[in-house]
Amino acid sequence: MATNRRTFIKSVTAVGSAIGLAGVPRLALGQEAESEPVWTPKPVGKARVPLNILILGGTGFTGPEQVEYAIARGHRVTLFNRNKTRPGAFKGKVAEELVGDLNNDTSALQGKKFDVVIDNPTTAPAWVRNAAKHLAGNVKHYIFVSTTSTYSDQSIIGLNENSPTVVLREGIDPYSVDPQVIGGNYGGLKVLAEKEVQTQYPGIWTVIRPCLIVGPLDRTDRFTWWPARIDKGGEVLAPDKPDDPCQFIDSRDLAEWTVRVAEAQEFGLYNAIGPTHPMTVSEMLYGVKAGTTAGARFTWVPWDFLQEQKVRPWRDMTVWQPPYGRTAGYQRRDSRKSIAKGLTFRPLAVTAKDTLDWHKTRPEQEKLATLNGEINGIGLKREAEVLAAWHAKVKAGQ
Ligand SMILES: NC(=O)c1ccc[n+]([C@@H]2O[C@H](COP(=O)([O-])OP(=O)(O)OC[C@H]3O[C@@H](n4cnc5c(N)ncnc54)[C@H](OP(=O)(O)O)[C@@H]3O)[C@@H](O)[C@H]2O)c1
């Protein structure tokens with residue numbers, strides 16, 4: 001959910017003191033944060049023209065942030081989903097909650113008209129087509145959330161909107177709704193879903209291709225591993241070299257820009273990748289550490305040794321991809337086009353602290369699963385083994 005003011009103030013105060021931000025006034029002991037504004041982000045403010053927005057999905061990860069922001073901007077929001085994920089989360093907040101399934105039942109969309117549709121959950125072109133049965137001709141703008149996994153050659157440094165895209169493997173039905181087919185052909189199907197959007201909504205489409213989305217509500221642990229692990233303290237296995245590049249986008253930056261794209265009627269194709277200025281993996285890890293007090297220490301272990309130990313990039317060393325060979329461009333993609341159209345990024349300190357705060361509210365079992373590396377992240381046990389093997393090698397080499 002969007003960070004409320006109290007959480008935000010708590011986050012900023014904690015991060016501010018951790019990294020020594022100047023000009024952050026101190027609160028007296030016991031003083032209620034709400035009574036004295038410390039530092040607040042720019043107020044949201046109302047949009048000039050309120051829009052009638054349909055959000056497909058809207059209750060998972062970046063969707064809820066879109067809903068909150070769109071409502072704050074004064075728009076009328078309708079949701080369409082199966083009512084399985086966080087049912088009732090927006091009861092009384094959104095104008096309408098339509099229930100259906102993009103696989104096979106989009107009848108709840110019949111006869112409806114919208115200024116804008118934001119399509120979050122779709123990978124399969126069939127989903128675009130199923131929704132278009134009722135929406136094509138009845139909307140003024142269709143925004144499709146795609147992915148940078150659409151790019152076929154991730155060795156290219158500076159991948160931009162004109163770079164080559166994945167071609168679906170031969171023999172795969174492009175209109176399949178089989179979850180296994182969809183999961184196994186993510187990039188290729190997203191490319192075709194983008195094309196389906198362009199066919200169904202000619203001249204009124206926007207395709208947004210985010211890289212790794214991070215922040216509160218992300219249960220994949222792909223970024224969350226780092227705040228959770230670093231908050232535990234001790235020796236932390238860090239990937240390869242401190243100067244390796246690193247990119248991601250906070251789900252709230254993505255969501256808010258998506259709504260602003262709707263307001264500005266920006267059509268076309270955009271990468272959505274943060275931050276504005278190149279970030280290194282050590283900047284990320286020390287930035288995360290700045291919001292903690294556990295005294296984590298990083299040990300940088302070269303990629304050659306990580307490979308010997310079968311430590312996987314992305315899955316075990318989350319966020320990180322080797323900046324060599326076929327993944328040389330993975331963390332050096334180009335987002336200048338969207339930045340020129342108003343995409344902005346929160347400071348890493350805010351993303352890191354909010355993610356950690358959210359992680360701490362997760363059920364105990366989920367938090368344990370994170371530290372065990374059950375979803376993504378190497379996990380404490382394997383991390384200790386790899387560090388021990390590395391120290392033994394270093395000692396033997398002396
Ligand atoms: N996570 C990343 O790092 C990343 C990176 C790049 C791109 N992306 C893309 O980002 C997009 C946004 O994902 P999100 O999880 O943040 O979106 P979201 O809108 O927050 O959550 C997914 C929504 O889809 C709904 N849904 C799932 N299956 C459905 C179906 N068959 N019919 C109707 N609704 C259905 C879910 O509700 P119900 O379960 O109630 O139906 C839920 O509301 C995805 O397209 C993903 O490919 C993600």
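**View 1. Helix α2 passes helix α7 in a right-handed crossing.** A crossing counts as right-handed if the near helix is turned clockwise from the far one by less than a right angle, and as left-handed if anticlockwise. The model is predicted: local features need pLDDT of at least 70, side-chain atom pairs count only at pLDDT 80 or more, and totals for chains, interfaces and linings use all residues. Residues are numbered from 1 along each chain as its sequence is written. Helices (H or I, at least four residues) and strands (E, at least two) are DSSP runs, numbered from the N terminus. The α2 and α7 (residues 251-264) axes are 8 Å apart and meet at an angle of about 50°, which makes α2 oblique to α7. Axes are lines fitted to C-alpha atoms, for helices over the stretch in contact, with angles from 0 to 180 degrees between N-to-C directions. Angles under 35 degrees count as roughly parallel, over 145 as roughly antiparallel, 65 to 115 as roughly perpendicular and the rest as oblique. On the α2 side the contact uses Thr62, Glu65, Gln66, Tyr69 and Ala70; among the α7 residues are Arg252, Leu254 and Val259. Residues are in contact if their C-beta atoms, placed from the backbone, lie within 7 Å. By class, this contact has 5 nonpolar, 4 polar and 3 charged residues. Ala, Val, Leu, Ile, Met, Phe, Trp, Tyr, Cys and Pro count as nonpolar, Asp, Glu, Lys and Arg as charged, and the others, Gly among them, as polar.

**View 2. The ligand is surrounded by 24 residues.** Gly57, Gly60, Gly63, Arg82 and Pro121 are the closest. Helix α2 (residues 62-72) gives the most to this shell, with 3 residues. The shell divides into 8 nonpolar, 13 polar and 3 charged residues.

**View 3. An open sheet of 7 strands has the order β3-β2-β1-β4-β5-β6-β11, with parallel pairing.** β3 (96-99) and β11 (268-272) stand at the edges with a single partner strand each, so one side of each has no neighbour in the sheet. From one strand to the next, the twist averages 20°. Two strands pair if DSSP finds at least two bridges between them; 5 bridges join β1 (residues 52-56) to β2 (residues 76-81). Isoleucine 53 stands opposite valine 77 in β2. Helix α5 (residues 186-200) lies across β5 (139-145) and β6 (205-210), at about 165° to β6.

**View 4. Helices α3 (residues 125-135) and α5 pack with their axes 7 Å apart.** The angle is about 25°, so α3 is roughly parallel to α5. The crossing is right-handed. Pro125, Val128, Arg129 and Ala132 of α3 meet α5 residues including Leu189, Leu192 and Glu196.

**View 5. Helices α8 (residues 281-289) and α11 (residues 348-360) pack at about 55°, with axes 8 Å apart.** That angle makes α8 oblique to α11, and their crossing is right-handed. Met284, Gly287 and Val288 of α8 meet Leu348, Ala349 and Ala352 of α11. The contact has 5 nonpolar residues, 1 polar and no charged.

**View 6. A cis peptide bond joins glycine 274 and proline 275.** Omega is about -10°. Proline 275 is in the loop between β11 and β12 (279-280).

Methods:
Near = placed C-beta within 6 Å. Contact = placed C-beta atoms within 7 Å.
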